Amino acid sequence: MTELFIRLIRRPQGLVGVALLALIAVTCLFGPALAPYAPEKIDFLGRFRSPGWHNWLGADEFGRDILSRLMVGARSTVPMALIATLAGSAVGAIVGVGSAYLGGRIDEAIMRTNDAVMAIPGLLMALLLVSTLGNGAGNAVIAIAIAFAPGMARVTRSVALNIRNQDYVKAAIARGEGATWIIFREMLPNVMAPIVIESTIRVSFAVMLFATLSFLGVGAQPPASEWGLMVADARQYMYQAPWGLIAPSAAIALTAIAFNLLGDGLRDALNPRDER
Amino acid sequence: MSLAWFARRLLLMIYTVVVVSMLVFAITQILPADAAQSLLGENATPEMLAALRAKLGLGDPAWQQYLHWAGRIFSGDFGISMRTSRPVGPDMLTALSRSLLLAVASIVVTLIVAVPLGVIAALRQGRLADTGVSLIAYLGVSLPEFVTATLLALLLADTLHWLPATGYVSPLENFGDGISHLALPVLTISVILIAHVMRMMRSETLDVLRSDYIRAARLKGLPERSVLFRHALRNALLPVVTIIALDVGYLLGGIIVIEEIFAIPGIGRALMVAITARDLPSIQAGALIMAATYAVTNTLADLAYAVLDPRIRYD
């Protein structure tokens, strides 16, 4: 584990990814305590104040400090994306490994159906689900998790097919272990590495998807300072106060980049030979 | 092309559309505890609810409701919009034609920009041009569409006043105006697609350049230009067909956001309006048409790939 970490931060992309993520984690944990102002503090004299000494990143249409809103808003953005990805990956991984274990025609049927489900674009699937379940951050997380599962199932299954033919799996079948034991104790632990890499990269999609749902008005609801919601609010005033738009956009982009870099760094660290 | 392969591919497409239709129907009409209530809202009278339930056949078992619905769709009847009281089908198809214009224009721009950039990055692997291209690609895939769209609008429409910020003018009616209204949305979609295609093009070119037949071509003494254009590029371009087809799925999702932001009356915006208004027939038609478009595009891409690369058919 330590060796992997050292290999990860030895490459520039891994190092930048880890550093950015550390910053994001600190913001999520201590954001409200570190923020210079209360995120809801209204200051009518400071409406649209440009970035400077008073408000480092400027103020919005109510004179609320944008930096403080960003720091507090990290909590309503990043953990949501993490939870959605974890749930989606878990479901996808179990379906993928299960399908590979069952093999043959059942595997074929499951994967064809899985591919068919993937014909519905992620955002469309999430929108349909949220419109049925009702608007809100929690339902948006469920929707993203469901939208992610088929993609993870496909990735996992392709790795698990190789594992299925390994001797230790054959041995487990020969000594009469049950399907649940083989899937969870023999196969799943051995497909973890690719799943972790794929999930890490997917967190960045989840961050973007969650912000998009909030931007469209069906995810996190006001007065939460979720980043996508902040962009949606700032759009009305983008000519007077472009900083209101740029700050949360940059936060979303940095988070997405951080997870992308970490995912790529992990892939390099786990497969040192592949130089791409 | 073997007939069996072709038939199998076609069957898969039909299966995909059937599964998608089941899912769309289940999510929109079966999953809600009372679809009639969620359609009419809290102010509905019991009589209105009862009438709508009877109309939708909500009392029937789920599979019966689905077969009834699918039968109607199959005969081309997408129902009547609850918002506009007009037939959904023709309106959705008009909207789809506008979205297709947007999509095709974006793909053309993407190919023109991304393919040369990807090849250049591969040829100058590890040098400044390569790093620059990779950085831009990273940024492109790390910005959600709504951010890219808003930032581009802020720069090109609000600050520089080069392009109109929102709206749609048919290029058939007023070509110049139509193109200038399409420019921002096309640019937004292209930025993201370019990032994607460029990355793929780079790694494909790198792969091909390392292959034995390229080494053979070089050892034969062919000029570098001929090696690159006649031998390497032809093969590196093949997977781009598949990538573009897969990106259509992404494109369809992205179009929902982009049409909403730039007020383009395409299928994505029609779907958003339908979702906001809880217009069930329009939601079902919009989602179904989008997913079917994806399934058809992917089948066409597979066929194109098989024509271009005969090896694929023997798999």
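## Chain B against chain A in a predicted model

Chain B and chain A bury about 3,800 Å² between them, and carbon and sulfur atoms give 76% of that area. Three residues, B:Ile27, B:Tyr138 and B:Phe146, supply 16% of what chain B buries against chain A, more than any other three residues. The model is predicted.

### The interface

In residue terms, 47 residues of chain B are in contact with 42 residues of chain A. Polar links can be listed too. Five residue pairs are in polar contact between the two chains, both residues at pLDDT 80 or more. Seven elements of chain B give two or more residues each to the side that touches chain A: helix 1 (3-30), helix 6 (128-142), helix 7 (145-159), helix 8 (175-209), helix 10 (224-261), helix 11 (267-277) and helix 12 (280-308). Helix 1 of chain B gives the most, with ten residues. By type, this side of chain B divides into 32 nonpolar, eight polar and seven charged residues.

B:Thr16 shows helix 1 at the residue level. B:Thr16 sits in helix 1 of chain B. Leaving aside neighbours within four places in sequence, B:Thr16 is in contact with A:Ala116, A:Ala119 and B:Ala295. Its relative accessible area is 13%, so B:Thr16 counts as buried.

### Salt bridges

Over all chains, the count comes to eleven salt bridges. Two of these run between chain B and chain A.

| Pair | Closest N and O atoms |
|---|---|
| A:Arg157 and A:Asp107 | 2.7 Å |
| A:Arg154 and A:Asp115 | 3.0 Å |
| B:Arg199 and A:Asp264 | 3.4 Å |
| B:Asp212 and B:Arg215 | 3.6 Å |

Take the A:Arg157 and A:Asp107 salt bridge, with its closest N and O atoms 2.7 Å apart. The pair links distant parts of the chain: A:Arg157 is in helix 6 (residues 137-164) of chain A, A:Asp107 in helix 4 (residues 104-117) of chain A, and they are 50 residues apart. A:Asp107 is buried, at 6% relative accessible area.

A:Arg154 and A:Asp115 form a salt bridge at 3.0 Å between closest N and O atoms. This pair also links distant parts of the chain, with A:Arg154 in helix 6 of chain A and A:Asp115 in helix 4 of chain A, 39 residues apart. A:Arg154 is partly exposed, with a relative accessible area of 37%. A:Asp115 counts as partly exposed, at 23%. Both residues belong to a network of salt bridges that links A:Glu108, A:Arg112, A:Asp115, A:Arg154 and B:Arg8.

The B:Asp212 and B:Arg215 pair has another setting. B:Asp212 and B:Arg215 are three residues apart in helix 9 (residues 212-219) of chain B, so about one helical turn separates them. B:Asp212 counts as exposed, at 57% relative accessibility. B:Arg215 is exposed, with a relative accessible area of 52%.

### Chain B fold

Chain B has twelve helices and zero strands. Its C-alpha atoms fill a box of roughly 85 × 55 × 35 Å along the principal axes. Of its 315 residues, 49% count as buried. Among contacts in chain B between residues at least 6 apart in sequence, 71% join residues at least 24 apart.

Two local points follow. B:Ala263 is not a glycine, yet has a positive phi of about 50 degrees. Most residues other than glycine have a negative phi. B:Ala263 lies in the loop between helix 10 and helix 11 of chain B and is partly exposed, with a relative accessible area of 27%. B:Ala54 lies in helix 3 (residues 46-56) of chain B and counts as exposed, at 61% relative accessibility.

### Annotated spans

An unreviewed UniProt entry places transmembrane regions at residues 12-31, 100-123, 135-158, 178-198, 236-263 and 283-308 of chain B. Residues 12-31 of chain B are 95% helix and 0% strand, and their end C-alpha atoms lie 26 Å apart. Residues 100-123 of chain B are 100% helix, with end C-alpha atoms 34 Å apart.

For chain A, an unreviewed UniProt entry places the feature "domain: ABC transmembrane type-1" at residues 74-263. That span is 81% helix and 0% strand, and its end C-alpha atoms are 20 Å apart.

Technical notes
Residues numbered from 1 in each chain as written. Chains lettered and ligands numbered in written order. Predicted model: local features only at pLDDT ≥ 70, side-chain atom pairs only at ≥ 80, totals over all residues. Heavy atoms only, no water. Contact = heavy atoms within 4.5 Å. Buried area = accessible area lost by both parts, 1.4 Å probe. Salt bridge = Lys/Arg side-chain N within 4 Å of Asp/Glu carboxyl O. Polar contact = N/O pair within 3.5 Å; in protein donor to acceptor, adjacent residues only side chain to side chain. Helix = DSSP H or I, 4+ residues; strand = E, 2+ residues; numbered from the N terminus. Nonpolar A, V, L, I, M, F, W, Y, C, P; charged D, E, K, R; others polar. UniProt positions renumbered as here; feature names shortened; annotations may be inferred. Buried < 20%, exposed > 50% of the residue type's maximum accessible area, 1.4 Å probe, protein only.
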